[in-house]
Amino acid sequence: METVYSALKPTGKLTIGNYLGAIKNMVSLTKSYDCIYTVADLHSITVSIPAAELRENTLDMFSLLVALGVDPEKCILFLQSQVHMHSELSWILNCYTQFGEARRMTQFKDKSAKAPENINVGLFAYPVLMAADILLYQAKYVPIGKDQQQHLELARTIAERFNNRYSPTFVLPEGIYPKVGAKITSLLDPTAKMGKTDENAEGTVFLLDDKDTVMRKFKRAVTDSGSEIVVREDKPGISNLITIYSAFADKSISEVESEFSSSNYASFKLAVGETVASFLDKVQQEYKRIRADKAYLSDLMKSGANAASAIAYKTLSKVKRKIGFIGI
Ligand code: TYM
């Protein structure tokens, strides 16, 4: 069976953007592929994050992924920092990545512009670590949102370069993007991606937000001039809300447009809020149960890390041999 790989970084709390862009596909792919999923904690220290917050976010994210249906019985779920091969392959791949390639990454440019006081080398090399994550497991498919496409393409470039220089070593990965929801935008600025760490949290719906908060955020969502509820380029606010509703209600865009053809913005926003809140309510109940069970979580992490290490070790050994390192 082909392998699917994806990861999310615990820099903040998961959002509905993460769910619709990546997690929903991650869950459905577990039915037909060997899936390997990671909480990418090594990635999260490229920005300054207090230790207690990182610990909390990591445990929250791990538990929430399980609650959302990333079933550890059907896939491998683990913490990146518990499998040392990620760091090791990442160093190696740094030496097969051109400075100019890394410098072109738009996320690097955006993030360094946002935090000019902390443009660390890790932030620059971040996409190489991401390539190492994917390539260690010989993943064929990578379910991600649109914002990760450029990183995925760099991973392919690095893999191809290594394969050409030595001999076929890595499977070339392909991105899997959702038909609807590959880029969910902020409720307050529909031209910008909805992010975990946006300055104004009112534009972001977190998966752990309670019903009142969800309803408030949707009620205040920025809409466009006019009153039609349709997806159109000049209506980024309403288009984003239709996309969210369509993905949570499992209805096509045109079904949603006709369902609300005689409705107004205010009542449509309430309907979107209700649909999202009722989905989140079920997930949060399951999440609370899992998050409180420390022993269960720790067992899951241990077995996930062991299973991942066995696969990662094979790829890393092969890579080291090809390069000319002497084994022990
Ligand atoms: P991260 O943690 O920022 O986001 C996790 C996943 O959520 C998707 N996503 C979105 N999709 C739609 N709309 C949005 N507003 C939105 N915001 C986020 C992202 O595209 C991503 O799929 N570098 C990665 C984590 C990573 C990774 C990997 C991913 C590390 N190693 C290997 C795939 C394979 C990241 O920062 O994602």
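**Contacts between domain 1 and domain 2**

Five residue pairs, with both members at pLDDT 80 or more, are in polar contact between domain 1 and domain 2. On the domain 1 side that touches domain 2, helix H1 (16-29) and helix H3 (51-67) each supply at least two residues. The residues of this side comprise seven nonpolar, three charged and two polar. The model is a predicted one.

Domain 1 covers 3-177 + 294-323, and domain 2 covers 201-288. Their centres, taken over C-alpha atoms, lie 30 Å apart. Contact between the domains involves twelve residues of domain 1 and 15 residues of domain 2. About 1300 Å² of area is buried between domain 1 and domain 2. Carbon and sulfur atoms give 81% of that area.

One salt bridge is counted between domain 1 and domain 2. A salt bridge joins Lys-24 and Asp-250. The closest N and O atoms of Lys-24 and Asp-250 are 3.4 Å apart.

Ser-186 was examined next. This residue sits in the loop between strand S5 (174-176) and helix H9 (211-219). Ser-186 counts as buried because its relative accessibility is 8%, under the 20% cut-off. The Ser-186 side chain reaches the backbone nitrogen of Asp-189 at 3.1 Å. Neighbours within four places in sequence aside, Ser-186 is in contact with Ala-192, Lys-193, Met-194 and Asp-198, as well as with Gly-203 and Asn-240.

Terms used
Residues are numbered from 1 along each chain as its sequence is written. This is a predicted model: local features need pLDDT of at least 70, side-chain atom pairs count only at pLDDT 80 or more; totals for chains, interfaces and linings use all residues. Side-chain values use heavy atoms; hydrogens and water are left out. Domain bounds come from an automatic or database domain assignment. Contact means heavy atoms within 4.5 Å. Buried area is the accessible area (1.4 Å probe) that two parts lose on being put together, summed over both. A salt bridge is a side-chain nitrogen of Lys or Arg within 4 Å of a carboxyl oxygen of Asp or Glu. A polar contact is a pair of N or O atoms within 3.5 Å; within protein, one must be able to donate a hydrogen and the other to accept it, and residues adjacent in sequence count only if both atoms are side-chain atoms. Helices (H or I, at least four residues) and strands (E, at least two) are DSSP runs, numbered from the N terminus. Ala, Val, Leu, Ile, Met, Phe, Trp, Tyr, Cys and Pro count as nonpolar, Asp, Glu, Lys and Arg as charged, and the others, Gly among them, as polar. Buried means under 20% relative accessible area, exposed over 50%, partly exposed in between (1.4 Å probe, protein chains only).
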